[in-house]
Amino acid sequence: MKLDLWRVDEKTLRRTTKELPNSILKEQADLLAEKTDGIIYGRITNMKFQPQDREIIYNLATVFEVVVPQLDNYSYTLLTIYSKPERDYPVAITVGSNLIDDAENFMPLYECRDKEAFIQALKTVLSSEEVNSNISILYSKANF
């Protein structure tokens, strides 16, 4: 028998991480695919973030892209969440920008210190008129 000194296991990790930002974002990506019957889905990618301003505390970018396979895999970045890999909060959210722009001029639309603030910011973005209009247009074009 192996000597196991860890207090973690897969079941515990799944339960304790389901309310963290990346899990919440993944759930929203899955819901988009479900609501559009797979015609549009959300793709989430984590990558290293290296801002020019050394005082910025975030060094992980989680990019949420909207993807439409039937439009030659067209995609656009809906939002990016910035965080520290080993922390749950705070997080910063940018909308309508990209990693290069954010690295040069970091101006997040939201800074969230806890789960409630994060969910409210995410709800504001995902339920916005612009985002829902974009989803409707993409859905229509993919179903043509």
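Four salt bridges are counted in this predicted model, a salt bridge being a side-chain nitrogen of Lys or Arg within 4 Å of a carboxyl oxygen of Asp or Glu. Local features need pLDDT of at least 70, side-chain atom pairs count only at pLDDT 80 or more, and totals for chains, interfaces and linings use all residues. Residues are numbered from 1 along each chain as its sequence is written, and side-chain values use heavy atoms, with hydrogens and water left out.

One of the bridges joins Lys 26 to Asp 30, with the closest N and O atoms 2.7 Å apart. The two residues sit four apart in helix 2 (residues 21-35), so about one helical turn separates them. Helices (H or I, at least four residues) and strands (E, at least two) are DSSP runs, numbered from the N terminus. Lys 26 is partly exposed at 43% relative accessibility. Asp 30 is partly exposed too, at 42%. Buried means under 20% relative accessible area, exposed over 50%, and partly exposed in between (1.4 Å probe, protein chains only).

Another bridge pairs Glu 65 with Arg 43 (2.9 Å, N to O). Glu 65 belongs to strand 2 and Arg 43 to strand 1 (residues 41-48), so the pair ties together parts 22 residues apart in sequence. Glu 65 is buried at 16%. Arg 43 is partly exposed at 31%.

Glu 86 bridges to Arg 87, with the closest N and O atoms 3.5 Å apart. Both residues are exposed.

Now to a loop. Leu 71 lies between strand 2 (60-68) and strand 3 (74-83). Leu 71 is partly exposed, at 27% relative accessibility.
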